[in-house]
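I opened my notebook to get to know this structure one piece at a time. Here is what I looked up.

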Amino acid sequence: NVLVQRKTTESDGYNAVQVAYGDQKEQRMKQPTLGHQKKHGSTAKRLVREFRFEEGEEVPESHPGVTLFQDGQWVDVIGTTKGKGFQGVVKRYNFGGGPAAHGHMTHRRPGAVGAGTWPGRIWKNQKMPGHDGSVRRTTQNLKVVKVREDDNVILISGAVPGHKGAYVIVRPAIKKP
């Protein structure tokens with residue numbers, strides 16, 4: 001992680017830092033993004049995220065790295081879940097499906113979705129087949145097992161959202177002390 005830009009109340013109206021990660025070829029980047037990163041003394045990076053600070057909190061001069069976390073600390077992990085494409089209701093919502101034998105032909109179908117004469121339409125938010133996965137999720141209250149400073153690695157116990165090699169945001173837990 002590289003600290004790209006510090007935003008302060010005087011210059012931008014709020015306190016924040018922009019953090020960039022993952023080296024990238026310059027020709028694969030948009031010109032405004034590349035210019036912004038070069039202006040602040042960074043090389044071409046794949047991912048840029050902004051993290052806000054509360055009023056009165058100290059905004060760091062450089063990125064602290066994995067030393068931000070300690071062994072046994074509770075954290076929240078934010079990431080994009082694995083994409084599963086177009087799925088039916090049995091896989092997407094754990095529907096039971098219909099009977100499997102005796103002439104039934106609706107094994108993995110949702111069954112009836114509408115009412116009778118009134119309202120004469122399907123209610124909003126009716127669970128139906130569709131695109132599954134590839135959504136932003138926060139897994140809360142995961143425990144930091146070990147912080148390895150020499151490898152720049154945080155070992156976390158629990159379900160971290162996303163595929164192997166996916167980018168995630170790790171923050172101190174909000175709902176645990």
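Predicted model: local features only at pLDDT ≥ 70, side-chain atom pairs only at ≥ 80, totals over all residues.

Before anything else I noted how elements are named: helices (H or I, at least four residues) and strands (E, at least two) are DSSP runs, numbered from the N terminus.

**Entry: Met 128**

I started with one residue. Met 128 sits in the loop that runs between helix H3 (89-93) and strand S6 (130-133). Is Met 128 buried or exposed, or something in between? I found a relative accessible area of 29% for Met 128. Buried would need under 20% and exposed over 50%, so Met 128 counts as partly exposed.

Next I asked which residues Met 128 is in contact with, leaving aside neighbours within four places in sequence. My list reads Val 89, Arg 92, Tyr 93, Val 113 and Ile 122. I also looked up Gly 88: it is 40 residues from Met 128 in sequence, yet their C-alpha atoms are 7.3 Å apart in space.

**Entry: the sheet with S1**

I then turned to the strands. Three of them make an open sheet, ordered S1-S2-S3, with antiparallel pairing. Strand S1 (2-7) and S3 are the edge strands, each pairing on one side only. On average, neighbouring strands here are turned by 20° against each other, direction ignored. S1 and S2 share five bridges in the antiparallel sense, and Gln 5 has Gln 18 in S2 as its bridge partner. Helix H2 (residues 31-39) packs on this sheet and touches S1, S2 and S3. The direction of H2 makes about 85° with that of S1.

**Entry: the sheet with S9**

Another open sheet has four strands in the order S8-S7-S4-S9, again antiparallel. Its edge strands, S8 and S9, each pair on one side only. S4 and S9 pair over four antiparallel bridges, and Val 77 stands opposite Val 170 in S9.

**Entry: the largest pocket**

Last, I looked for open space. The largest pocket holds about 1,800 Å³. Its lining has 44 residues, and Asn 1, Phe 51, Val 168, Ile 169 and Val 170 lie nearest the centre. Which strand gives the most to the lining? I found S3, with five residues. Strands that each supply at least two residues include strand S2 (15-23), strand S4 (74-80) and strand S8 (153-157). By class, I wrote down 26 nonpolar, eleven polar and seven charged residues in the lining.

Definitions and conventions. Residues numbered from 1 in each chain as written. Heavy atoms only, no water. 1 Å grid on protein atoms, 1.4 Å probe; cavity = no way out; pocket = protein on both sides within 12 Å on 5 of 7 lines; lining within 4 Å. Points joined across faces, edges and corners; volume = space filled by probe spheres on them. Nonpolar A, V, L, I, M, F, W, Y, C, P; charged D, E, K, R; others polar. Pairing = 2+ DSSP bridges. Axes fitted to C-alpha atoms, helices over the stretch in contact; angles between N-to-C directions. Contact = heavy atoms within 4.5 Å. Buried < 20%, exposed > 50% of the residue type's maximum accessible area, 1.4 Å probe, protein only.
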